[in-house]
Amino acid sequence: MIRKRVHLTELVALLILRSVSPAICVKLNLIGMSNLSLSLVVLLAAVSVCLARGPSAATKVAKEPAREKKCPPSLSRGWADEVNWVQTYEEGLFKSRKSNRPLMVIHHLEECQFSQALKKAFAVNEDIQRMAKEDFVMLNLVFETSDKNLYQDGQYVPRIVFVDPSLTVRADVVGKYTNRVYTYEAGDIDLLKTNMEKAKILLKQEF
């Protein structure tokens, strides 16, 4: 009886195949090791080892997307989103004094149709937006403050009051209505722009 020679490397490959892929090993037994070339056996063994290991850690763990930094809720309430609004009247007075820029205080209500109409006209006027960003300390309020100087002729909305860095309310910068001197309507947006330019001329220049 003639025995077929089996190379040592073929035996090693066969043992590896048995440990990682019995199915492939069965197929090899059926077709016979002698009918396969040494290189093919080694190749099958390598492929079987890779399959047994499964996907790599890099494949299993998907890279987590970078978390976007969320900005804090805007204080603009739609008046001017590019402006750094102050949160309180006291903060506004402090920054006005420190930066030597006038404070512009807008009183309004979300449920007031006149406030909403004025806000829309305010938000689309490029000159007003630029001055609000560059020349003023900006504050908008949906409630009244304890400073009576801000409601000398009543607590109505919309109402816009300018405060000089000297902490003086600009009683000379008013709207066109005699019964509510600090109110503006959407159609008064050009007058508001003119009054902003007027309020930029400070009462007391500091050197």
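Pro-158 is placed in the loop between β2 and β3, where helices (H or I, at least four residues) and strands (E, at least two) are DSSP runs numbered from the N terminus. The peptide bond that leads from Val-157 into Pro-158 is cis, with omega near -5 degrees. The structure is a predicted model, in which local features need pLDDT of at least 70 and side-chain atom pairs count only at pLDDT 80 or more, whereas totals for chains, interfaces and linings use all residues. Residues are numbered from 1 along each chain as its sequence is written, and side-chain values use heavy atoms, with hydrogens and water left out.

Among contacts (heavy atoms within 4.5 Å) with a separation of 6 or more, 69% are between residues 24 or more positions apart.

A group of polar contacts involves Asn-140 and His-108, a polar contact being a pair of N or O atoms within 3.5 Å of which, within protein, one must be able to donate a hydrogen and the other to accept it, with residues adjacent in sequence counted only if both atoms are side-chain atoms. Asn-140 belongs to strand β2 (residues 137-141) and is buried at a relative accessible area of 2%, while His-108, in the loop between β1 and α6, is buried at 1% relative accessibility. The side chains of these two residues are joined at 3.0 Å. The side chain of Asn-140 also reaches the backbone oxygen of Ser-76, at 3.3 Å, and the side chain of His-108 makes a further polar contact of 3.4 Å with that of Trp-79. When residues up to four places away in sequence are not counted, the residues touched by Asn-140 include Leu-75, Trp-85 and Ile-106; with neighbours within four places likewise set aside, the contacts of His-108 include Ser-115, Val-142 and Val-157.

Helix α8 (residues 189-199) has Ile-189, Leu-192, Asn-195, Met-196 and Ala-199 as its buried residues. These residues cover an arc of only 115 degrees around the axis, which places them on the same side of α8; the arc is that of the directions from the helix axis to the C-beta atoms. An α-helix has 3.6 residues a turn, so residues three or four places apart point the same way. The partners against which the buried residues of α8 pack are β1 (103-107), α6 (113-124), α7 (126-134) and β3 (159-163).

Seven salt bridges were found in the whole structure, each defined by a side-chain nitrogen of Lys or Arg within 4 Å of a carboxyl oxygen of Asp or Glu. In one of them, Arg-159 is paired with Glu-144, and the closest N and O atoms are 2.8 Å apart. Arg-159 is in strand β3 and Glu-144 in the loop between β2 and β3, so that the pair ties together parts 15 residues apart in sequence. Arg-159 is buried, at 0% relative accessible area, whereas Glu-144 is partly exposed, at 27%. A salt bridge also links Glu-110 to Lys-119, with the closest N and O atoms 3.5 Å apart; Glu-110 is partly exposed at 40% relative accessibility, and Lys-119 is buried at 9%. Asp-172 and Arg-170 meet through their side chains at 2.9 Å, N to O, with Asp-172 partly exposed at 38% and Arg-170 buried at 4%.

Backbone geometry is a further point of note. Most residues other than glycine have a negative phi, and most peptide bonds are trans. Asn-100, in the loop between α5 (89-99) and β1, has a positive phi near 60 degrees and is partly exposed at 23% relative accessibility. Leu-167, in the loop between β3 and α8, likewise has a positive phi, of about 65 degrees, although it is not a glycine, and is partly exposed at 47% relative accessibility.

Technical notes. Buried means under 20% relative accessible area, exposed over 50%, partly exposed in between (1.4 Å probe, protein chains only).
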